[in-house]
Amino acid sequence: MTSQKNLLEQADARLEAGDKVAAAEIFTQAAKSFESEGMYREAAQTYEKVGTIYRGLHRGDESLSAFDQATLMLVRQVSSPEVHREMVRVNIQAAKVAEDAMEYKKAADFYFRAADFAEMEPEKRGFTIAAADALENLADTYEEAKSFDKAITLLRKVGGLYHASGDEELGSRINDRAIKMSLRWSEEAKRRSDFLSAGNALAEVAQVMYSEGDSPEAIRMMMEAGKLYERGNLFEKAGNIYDAAQEAYKLQRLTSARKQATMKAAEAYMKMKGKPEIVAPLLVKAGNMLNEIGSDMKARWALKRANELFGQLAERAAAERDSQSEMSYLRYQAMCLKNWGKVEQAEAIYDTVINYFLSQAKADEERGNKEFQAQSLEEAADVLEEAERSTEANGHLERALEIYVQLADECSTQGEADEGSKYYSKAADCAFKLGDEDRTASFHLIASDKAVAAAKFYEEMGVPELAAVWVRTAGTEALKTNEIEMIEKAIELLNKSAASFKGINEPRDAFEDLLVVFETLYDRFPKRIDDISRVIKKMDNLAMTTRDDVLTSIMSILHAVESGSHIGALLILQENEEDLLSKRDRLHELIETAKFRSRS
């Protein structure tokens with residue numbers, strides 16, 4: 001402490017002498033010394049002094065850096081109401097420094113952080129509005145620089161923040177500004193033949209209009225955006241937004257308009273060129289859409305072309321000796337042929353794939369590799385089921401199930417709870433495919449119990465990371481039993497695993513577990529509004545803390561779903577589809593549930 005005391009005395013002396021820069025530099029040395037010895041309270045106070053000195057010198061970057069360090073020192077202290085109040089006070093100071101320096105993004109971040117740690121809701125709302133004001137100022141600078149895409153993205157966020165804070169009038173005013181700017185951006189982009197930007201601008205307009213409740217005009221904007229994407233040969237984007245439009249028409253029971261939008265979506269997908277692995281699945285989607293609206297000839301053409309592309313992919317995989325990929329592409333090819341009406345050709349390809357997996361299973365059995373044998377039997381059964389040969393499929397599934405149970409029992413005898421859980425889960429999957437609900441629930445229940453035991457083992461071993469993973473597994477397995485009592489237990493376990501992941505500084509894993517909790521509550525217990533609100537709040541906090549754009553996009557979708565705006569949710573998903581690829585199907589399910597409830 002003596003060296004730090006000397007440094008502080010030197011810094012105070014330089015400050016009294018008017019040499020503020022030297023004082024700040026010496027205070028910084030003292031703060032680093034405190035930090036190195038784990039004296040985080042003293043380090044935070046000293047970094048704050050540095051930030052205040054640099055603020056007086058109008059040296060914004062140095063000031064903000066010092067306040068960031070002060071915040072970091074506060075985070076490292078033991079959490080308490082006093083520390084939280086200090087976090088709020090320091091971050092408000094930093095936000096004002098950032099505003100003075102016209103660093104509006106940083107100002108918003110500091111205000112958001114202050115809101116995270118504020119105790120009272122009125123305080124939180126006040127800081128959130130201050131952050132929104134800062135972001136609106138940043139949007140102004142983007143507009144002046146004609147960076148309309150960035151400006152509009154910010155304005156949409158600002159409008160949402162104002163609405164969330166209870167200022168509906170201001171939120172609507174900001175959204176109206178975003179609409180006008182988007183329309184202007186679209187016109188300017190069209191004049192430059194920049195049809196991507198022009199379409200994106202109208203897609204933005206549609207999202208804002210939906211959030212304001214103007215559904216008919218929003219759908220019209222979607223259709224116009226699709227036309228612009230087509231003019232720019234951006235057929236996947238065109239198909240996606242036409243698809244969103246047909247969903248909106250479906251909600252409004254506008255049958256002929258929906259049929260037209262569905263046709264436009266399918267035709268856009270059919271115009272695509274590029275990598276077969278990208279184009280082929282979209283052609284299948286187009287074929288299914290066309291079948292739905294009764295356009296059989298066009299559907300067959302789409303499936304015929306998809307079949308050809310999957311055939312090319314299978315040939316390429318064979319040349320590269322990638323048997324797994326080859327079999328996967330052949331399955332897709334057979335599916336296309338079957339749906340196209342070429343049953344005999346489809347059956348011949350299915351036979352090739354089935355024989356491959358059965359020969360793999362036999363080879364694995366001869367080598368004594370039971371797990372791989374069971375996996376190959378499962379693969380063969382899946383293809384047999386797809387080929388409508390259920391009796392044969394069930395025989396192989398029963399054998400795979402027996403092997404998994406045998407492996408699980410062996411692991412349990414040896415005290416390997418984690419491996420036992422894994423194999424019981426695989427046995428449950430086989431039972432599910434067999435349609436055996438009792439055995440499915442029973443095996444998942446055992447897998448959950450084994451996972452709890454594994455979590456306890458790793459906790460006692462002092463490995464919190466693996467303990468958290470196995471608590472998550474226990475929750476997931478409990479959920480799969482599909483029994484109300486176990487689903488309640490699953491929610492409890494997943495909340496616990498989320499807290500554990502947060503505790504070991506893995507916020508994205510915590511977010512993932514809370515997302516499962518949200519999905520479960522929203523699907524199974526929609527009337528538990530308070531529980532749903534609580535999990536949304538936890539997820540909001542994680543998204544804000546990480547400043548992760550993907551998590552923020554997911555939260556935008558969940559807020560739209562929670563409020564019943566399924567079209568708004570769908571538009572946000574369409575806009576961020578590439579970033580949300582791994583979550584796309586799950587988010588689509590939530591949107592479908594919201595759509596169903598809005599119609600009932």
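The chain carries 80 positive and 106 negative side chains, and the centres of the two sets are 4 Å apart. Lys and Arg are counted as positive and Asp and Glu as negative, without His and the chain ends; each charge is placed at NZ of Lys, CZ of Arg, CG of Asp or CD of Glu. The model is predicted, with local features requiring pLDDT of at least 70 and side-chain atom pairs pLDDT 80 or more, while totals for chains, interfaces and linings use all residues. Residues are numbered from 1 along each chain as its sequence is written, and side-chain values use heavy atoms, with hydrogens and water left out.

The secondary structure consists of 28 helices and zero strands, where helices (H or I, at least four residues) and strands (E, at least two) are DSSP runs numbered from the N terminus. Along the principal axes, the C-alpha atoms fill a box of roughly 95 × 70 × 50 Å. Of the 600 residues, 47% are buried, that is, under 20% relative accessible area with a 1.4 Å probe and protein chains only. Among contacts (heavy atoms within 4.5 Å) with a separation of 6 or more, 55% join residues 24 or more positions apart.

The largest nonpolar core contains 138 residues. Such a core is a set of buried Ala, Val, Leu, Ile, Met, Phe, Trp, Tyr and Cys residues joined through side-chain atoms within 4.5 Å. Helix H10 (residues 195–211) gives the most to this core, with 10 residues. The residues with the most contacts inside the core include Phe518, Met539 and Leu558. Leaving aside neighbours within four places in sequence, Met539 is in contact with Phe511, Leu514, Leu515, Phe518, Met555 and Leu558. In soluble globular proteins, nonpolar side chains tend to be buried together.

Helix H20 (residues 417–433) has 17 residues and spans 25 Å from its first C-alpha to its last, close to the expected 24 Å; the expected span is 1.5 Å times one less than the number of residues. Buried residues of H20 include Ala417, Tyr423, Tyr424 and Cys430. Their cover includes helices H18 (370–386), H19 (390–413), H21 (437–460) and H22 (464–480). Just after H20, Gly435 takes a positive phi of about 80 degrees.

Ala248 is found in helix H12 (residues 235–251) and is buried, with a relative accessible area of 1%. Ala248 and Asn394 are 146 residues apart in sequence and 41 Å apart in space, C-alpha to C-alpha.

Methods. Buried means under 20% relative accessible area, exposed over 50%, partly exposed in between (1.4 Å probe, protein chains only).
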